[in-house]
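Subject: A structure for you to look at

Hi there,

Here is the structure I said I would pass on. Please open it next to this email and follow along as you read.

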Amino acid sequence: MIRRRVIVSGRVQGVFFRGATQTAAEQRGVAGWVRNLPDGTVEAVFEGPPEAVGSMVAWVGHGPADARVTGVDVVEEVPDGESGFAVRG
């Protein structure tokens, strides 16, 4: 079990990024959450098996069709037992 926090920049708000991230995470069995930040970026936390979390980190590198991702910052964190995947504010 691993946990990664990502900050995704580019055209990532107003393009269904959060909803698509939730769908992708649920398909991979990854727990965590995703939210828009006031500066126009998207923050997400992914927790689960290493290969599934790695797949989500790779996925946010392009996001849904209308997104234009210009950067992904990834921070390794200690897993804290997330369950389910939520879209936050």
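This is a predicted model: local features need pLDDT of at least 70, side-chain atom pairs count only at pLDDT 80 or more; totals for chains, interfaces and linings use all residues.

Let's begin with the two helices. Helix α1 covers residues 17-28 and helix α2 covers residues 50-60; their axes come within 10 Å and cross at roughly 155 degrees. An angle over 145 degrees counts as roughly antiparallel, and α1 and α2 are therefore roughly antiparallel to each other. The crossing of α1 past α2 is right-handed. On the α1 side, the contact is made by Phe17, Ala20, Thr21, Ala24, Ala25 and Arg28, while α2 brings Ala52, Ser55, Met56, Trp59 and Val60. Sorted by type, the residues of this contact are eight nonpolar, two polar and one charged.

Next, the inside. In soluble globular proteins, nonpolar side chains tend to be buried together. Here, the largest nonpolar core has 21 residues, and Phe17 and Phe46 have the most contacts inside it. At least two residues of this core come from each of β1, α1, β3 (42-48) and α2. With six residues, α2 supplies the largest share.

Phe17 is found in helix α1 and counts as buried, at 2% relative accessibility. Beyond its neighbours within four places in sequence, Phe17 is in contact with several residues, including Val8, Val42, Trp59 and Pro64.

Is Phe16 buried or exposed? Phe16 is exposed, because its relative accessible area is 62%, and it lies in the loop between β1 and α1. Most residues other than glycine have a negative phi. Phe16, however, has a positive phi of about 65 degrees although it is not a glycine.

One last stop is Arg4, found in strand β1 (residues 2-11). Buried means under 20% relative accessible area, so Arg4 counts as buried at 18%. Leaving out residues up to four places away in sequence, Arg4 touches Phe46, Val53, Val74 and Glu76, among others.

Happy exploring, and do write back with any questions!

Best wishes

How values were computed
Residues are numbered from 1 along each chain as its sequence is written. Side-chain values use heavy atoms; hydrogens and water are left out. Helices (H or I, at least four residues) and strands (E, at least two) are DSSP runs, numbered from the N terminus. Buried means under 20% relative accessible area, exposed over 50%, partly exposed in between (1.4 Å probe, protein chains only). Contact means heavy atoms within 4.5 Å. Axes are lines fitted to C-alpha atoms, for helices over the stretch in contact, and angles run from 0 to 180 degrees between N-to-C directions. Angles under 35 degrees count as roughly parallel, over 145 as roughly antiparallel, 65 to 115 as roughly perpendicular and the rest as oblique. A crossing is left-handed if the near helix is turned anticlockwise from the far one by less than a right angle, and right-handed if clockwise. Ala, Val, Leu, Ile, Met, Phe, Trp, Tyr, Cys and Pro count as nonpolar, Asp, Glu, Lys and Arg as charged, and the others, Gly among them, as polar. A nonpolar core is a set of buried Ala, Val, Leu, Ile, Met, Phe, Trp, Tyr and Cys residues joined through side-chain atoms within 4.5 Å.
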